[in-house]
Amino acid sequence: MVSCIEENKNMVFYPRAELASQLADALLGKSVFSDAHNGLFLAAPRRTGKTTFLQADLKPNLEHRGVVVVYLDLWADQRRDPGDLIAEAIGRALQPPLGLIARTARKAGLDKVSLAGWLNIDTSKIGKLDGATLPDALRALIEAAQSPVALIVDEAQHALTSEAGETAMAALKSARDQLNRPGDVKLMLIMSGSDRDKLLRLVNTGGAPFYGSQIQRMPELDAGFIAHIAGLVEKQRLDLVPVDQKLLHEAFQKFGCRPQFFMDALGRSLSPLSAISGRFEPAVLQAGQAQQQADEAQMESDYLSLNPLEQAIVWRLLEQGSRFRPYDAEALRFYHDKTPKKANAQQAQSALESLRQRTPALVWKSARGEYAVDDAAMHRWYERRVQAGTWPPQALQHELR
Ligand SMILES: Nc1ncnc2c1ncn2[C@@H]1O[C@H](COP(=O)(O)OP(=O)(O)OP(=O)(O)O)[C@@H](O)[C@H]1O
Ligand SMILES: [Mg+2]
């Protein structure tokens with residue numbers, strides 16, 4: 001059973017066809033009360049299935065409707081500039097439809113082809129996008145493929161960490177405005193990210209590229225996923241019928257709705273080598289609880305390893321979220337209250353910098369100087385502790401001092 005689950009990923013894959021279909025309708029402007037035709041911004045925590053959903057559910061659904069889908073992950077190569085990555089992905093998508101036109105043109109001795117009478121493309125440079133702006137390239141793709149185009153940008157918040165990335169985002173926004181008309185959507189933009197706070201920077205201020213759009217939380221894998229997994233277990237282990245789906249779902253939530261960790265614990269609990277004699281579900285739940293505790297212990301120890309000013313800054317970031325301003329009077333007063341020494345803006349700045357430079361980084365900064373905690377899971381940890389009255393974490397006082 002375990003090896004079967006591990007070996008055959010397709011078998012474990014739980015398709016989310018309904019969600020894909022709803023989102024595709026919204027993107028194509030078919031849902032009256034949705035703004036998705038202006039851009040769909042999806043946030044969900046790390047490892048909860050964003051990329052899988054975009055690639056294995058949404059992409060095929062859109063393709064099935066005749067849409068050309070360009071997918072790119074801005075995290076795939078962090079050394080590359082996000083602006084270049086976007087341009088390259090569009091260039092790659094342009095190749096197949098334009099290749100044919102270009103070959104015909106080259107055979108006829110032409111070094112430029114004219115597309116739909118308005119865009120001249122250098123046949124030797126197709127795919128490199130030399131000189132062609134992003135809106136022009138997207139328009140060329142739509143014309144050449146004779147179909148609408150959806151651009152899926154995974155981990156889109158990464159675009160905000162460089163000026164070229166920001167420019168690319170602004171160009172995409174302008175392309176959307178040029179190409180789409182009410183009831184006639186030619187360019188769909190889907191941006192996903194693991195951190196709502198960071199994605200917000202794309203939409204929440206007057207100067208943000210997609211000002212006015214909303215960030216939506218991508219739903220977590222639900223009871224349907226658990227039923228799917230339970231079905232697989234029951235098929236192979238008749239002795240375990242019926243599987244307690246409620247308990248498994250509870251365990252899945254303890255794992256932060258992250259399938260990978262959940263499946264791993266499931267596999268271990270079902271293994272003939274495990275020492276479990278009774279039902280396997282409570283063991284999975286227990287593993288979930290242990291994982292949650294381990295995650296939180298790690299965050300606590302990271303926090304406690306910071307100096308007082310750094311701790312105060314992280315605290316302020318967690319408390320303020322996207323309202324965080326690092327050096328305003330209130331922030332400085334806050335740092336002052338929480339630390340033994342009075343901190344000035346310069347000290348706060350170098351503390352912020354050292355929080356960014358740590359490995360792994362604790363703080364994220366956009367090209368425009370906006371900050372967020374790097375790991376959005378810290379917000380949940382913070383809120384849980386505030387609710388439980390255990391914030392801030394205290395270092396254990398050693399008797400021998
Ligand atoms: N629908 C699904 N059915 C089964 N397993 C899934 C499904 N979606 C995701 N997973 C599993 O969960 C893990 C994480 O998925 P994925 O990489 O899509 O998440 P992500 O949110 O994009 O992660 P990251 O934050 O690292 O980019 C993978 O091991 C994947 O196989
Ligand atoms: Mg991903």
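Which residue lies over the face of Trp 315? In this predicted model, that place is taken by Lys 338, at 4.4 Å from the ring centre. Trp 315 also belongs to an aromatic cluster, which it forms together with Tyr 303, Phe 334, Tyr 335, Trp 381, Tyr 382 and Trp 391.

Phe 225 counts as buried at 3% relative accessibility, and Phe 262 counts as buried at 0%.

Two members of the cluster, Tyr 303 and Trp 381, have ring centres 6.2 Å apart and planes at 65°, so the pair is edge-to-face. Tyr 303 sits in helix 12 (residues 281-304) and Trp 381 in helix 16 (residues 377-388), so that distant parts of the chain, 78 residues apart, are linked. Tyr 303 is buried at 1% relative accessibility, and Trp 381 is buried with a relative accessible area of 1%.

The largest nonpolar core has 40 residues, and among those that touch the most other members are Ile 86, Met 169 and Phe 210. Elements giving two or more residues to this core include strand 1 (40-43), helix 5 (82-107) and helix 7 (163-179). A second, separate core of 28 residues includes Leu 306, Ala 351, Tyr 371 and Met 378.

Note on methods. Residues are numbered from 1 along each chain as its sequence is written. Chains are lettered from A and ligands numbered from 1 in the order in which they are written. This is a predicted model: local features need pLDDT of at least 70, side-chain atom pairs count only at pLDDT 80 or more; totals for chains, interfaces and linings use all residues. Side-chain values use heavy atoms; hydrogens and water are left out. A nonpolar core is a set of buried Ala, Val, Leu, Ile, Met, Phe, Trp, Tyr and Cys residues joined through side-chain atoms within 4.5 Å. Buried means under 20% relative accessible area, exposed over 50%, partly exposed in between (1.4 Å probe, protein chains only). Helices (H or I, at least four residues) and strands (E, at least two) are DSSP runs, numbered from the N terminus. Rings of Phe, Tyr and Trp (its six-membered ring) pair if their centres lie within 6.5 Å; planes under 30 degrees apart count as stacked, over 60 as edge-to-face and the rest as tilted. A charge sits over a ring if NZ of Lys or CZ of Arg is within 6 Å of the ring centre and within 35 degrees of the ring normal.
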